[in-house]
Amino acid sequence: MMTVNQKHQPVEIPDIILVVEDNEELNNLMQKLLQREGFQAAGVLNGTEALKWIRKNEYALMLLDYHLPDITGNELVQLLANENRDLPFIIITGNGDEEIAVEMMKTGAKDYIIKGPDFINVIPHVMHRVINDLRLEKVLFNAQQKLNEREADLSILYGISLAISQTIDMKKLMRIILNTVTELKMFEIQKKGGIFLIKDDRMELVSHKGHDALFLNVHKSIRVGDCLCGRAAKTGKVIVSNNCLLDSRHTIKYPGMKPHGHIIIPLTARGSVIGILYLYLTADAHIHESKLKLFDSIGVQLGIALENAMLFEETKRVSLYDPLTGLSNRRMMDIMLEKHFARASRLDKPLSAIMLDIDYFKDYNDRLGHTAGDSLLVSLAGIVLAETRKIDLVVRYGGEEYLVLLPDTDISKAGEVAERMRTKVHSDLGITISLGVAAYNNKMTKEEDLIIIADKALYEAKRRGRNRIEIHN
């Protein structure tokens, strides 16, 4: 059944055509004529009966006689409009009432028929033309509806694309994703949700919005296949759940969990699920199946953005960090040294550096092998990191040499840090290290001066017997 009406809102093209004509014999004749033409027909003799019939049988196309014994055809149409029952109709008037027919066309009649000597034979032609027009209107209406929906979907995708193009930083990107998607107006989405990234068979909650500590604790060890998010990760299919308390697939429950719905969207890149975006809906919210394709598209769009961010993070890690120890490399050192040196020079702030290396490391490698040597370098990195602050920078300078930059630290304090390192390494690893300590002064003209002086102090510590600290004054 198709829908359209004079106010451009969808109304069903009728199974039954209602004949509203006070002449009973003529009424019956018109019904039989319509039935011969393949229509179903019903008849009433006045406006009051027409109202009752329409209220009971919601949709109808009317053959409406203008002159009824109780009300006019125009009054009947107005009553129906007041009840939001605007239905397509054809007006029938007597000879000499052409002006009335034209006026009724202006108020929404699909066509009119003038009662004349042969008007019965005109009815089938008019009926078929009106029905065909209604069907065409319905086709156009559906096409416009689909176009509107497509434009709305494209608008959402464009908005998301615009938002996620702001950054390639992983943390910022995930925050933007959650803020953008939870603001979508066309769905009953709450300002609550999160992103899981998949690592082997485990799912790590890497970003969330609106959760408390209890929720986070319950979802620490979720695996692929668990609950709704795990199921979506396993199948790669969008999951819509109307009510978590009634959905047997929602297996993770916790005290105080309130009824809610979910949209679970797999985030895919190059055909693989790399993560899950889960959103909260108000309980018993309805999401039409036609929107599943939109969510699929969102999942691909976000998945590609996240993969690009992860590749950027990995590229940055490789370019700025030592692959063996995980410490900063010399490229990172150059960046941070320039920043700290400029600050020390501009604000007259203290800045110190420690250069250290392992005593007799070549002998250690020759005796125990390079694998043991690598393990020692990693262990040493752990100790040096443990003895420094978050604002300090620990660099694998080269081979067994390490550099530590200590902003806002004078040479005396730096010497204390170096001594703690020397003592800890000897007690924990059973080896010795030599260390050179230097500090910024206003006679230095370039960043490298601080490193050169610390390196000279290290050389002096080695020359004087190793397993010692040399502080450059």
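Residues are numbered from 1 along each chain as its sequence is written, and side-chain values use heavy atoms, with hydrogens and water left out. Because the model is predicted, local features need pLDDT of at least 70 and side-chain atom pairs count only at pLDDT 80 or more, while totals for chains, interfaces and linings use all residues.

A nonpolar core here is a set of buried Ala, Val, Leu, Ile, Met, Phe, Trp, Tyr and Cys residues joined through side-chain atoms within 4.5 Å. Buried means under 20% relative accessible area, exposed over 50%, and partly exposed in between, with a 1.4 Å probe and protein chains only. The largest nonpolar core has 33 residues, and among them Ile177, Leu277, Leu302 and Leu306 touch the most other members. Two or more residues of this core come from each of helix 5 (119-164), helix 6, strand 6, strand 9, strand 10 and helix 9 (292-320). Helices (H or I, at least four residues) and strands (E, at least two) are DSSP runs, numbered from the N terminus. Helix 9 gives the largest share of this core, 7 residues. Not counting residues up to four places away in sequence, Ile177 touches Ile164, Ile195, Leu277, Leu302 and Leu306; such a contact means heavy atoms within 4.5 Å. There is also a second, separate core of 26 residues, which includes Tyr402, Leu406, Val417 and Ile469.

Leu157 lies in helix 5. Its relative accessible area is 15%, so Leu157 is buried. Leaving out residues up to four places away in sequence, Leu157 touches Leu294, Ser297, Ile298 and Gln301. Leu157 and Leu294 are 137 residues apart along the chain, and their C-alpha atoms are separated by 8.3 Å.

Helix 8 (227-235) has as its buried residues Cys227, Leu228, Cys229, Gly230, Ala232 and Ala233. These buried residues pack against strand 6, strand 7 (202-209), strand 8 (239-241), strand 9 and strand 10. After helix 8 comes Gly236, with a positive phi near 75 degrees.

On a 1 Å grid over the protein atoms alone, a cavity is a set of points where a 1.4 Å probe fits but cannot get out, and a pocket is an open set with protein on both sides within 12 Å along at least five of seven lines; lining residues have an atom within 4 Å of a point. Grid points are joined across faces, edges and corners, and a volume is the space filled by probe spheres set on the points. The count comes to 2 cavities of 30 Å³ or more. The largest cavity has a volume of about 130 Å³. Its lining has 16 residues, of which Phe215, His219, Cys229, His250 and His262 are the closest to its centre. Helix 8, strand 9 (261-269) and strand 10 (272-281) each supply at least two residues of that lining, and helix 8 gives the most, with 3 residues. The lining of the largest cavity divides into 12 nonpolar, 4 polar and no charged residues. In this division Ala, Val, Leu, Ile, Met, Phe, Trp, Tyr, Cys and Pro count as nonpolar, Asp, Glu, Lys and Arg as charged, and the others, Gly among them, as polar.

The second largest cavity holds about 40 Å³ of space. Its lining consists of His340, Arg343, Ala344, Lys349, Pro350, Leu351, Pro407 and Asp408, that is, 4 nonpolar, 1 polar and 3 charged residues. Helix 10 (residues 330-347) gives the most to this lining, with 3 residues.

The largest pocket has a volume of about 190 Å³. Of its 14 lining residues, Lys192, Tyr254, Gly256, Met257 and Lys258 are the closest to its centre. By class, the pocket lining has 6 nonpolar, 5 polar and 3 charged residues.

Two threonines in loops remain. Thr182 sits in the loop between helix 6 (170-181) and strand 6 (189-199), and at 2% relative accessibility it counts as buried. A polar atom of the Thr182 side chain lies 2.6 Å from the backbone oxygen of Leu178; a polar contact is a pair of N or O atoms within 3.5 Å, where within protein one must be able to donate a hydrogen and the other to accept it, and residues adjacent in sequence count only if both atoms are side-chain atoms. Thr388 is found in the loop between helix 12 (370-386) and strand 12 (393-398), and counts as buried at 15% relative accessibility. The side chain of Thr388 reaches the backbone oxygen of Leu385 at 2.9 Å, and a polar atom of that side chain lies 3.3 Å from the backbone oxygen of Val384.
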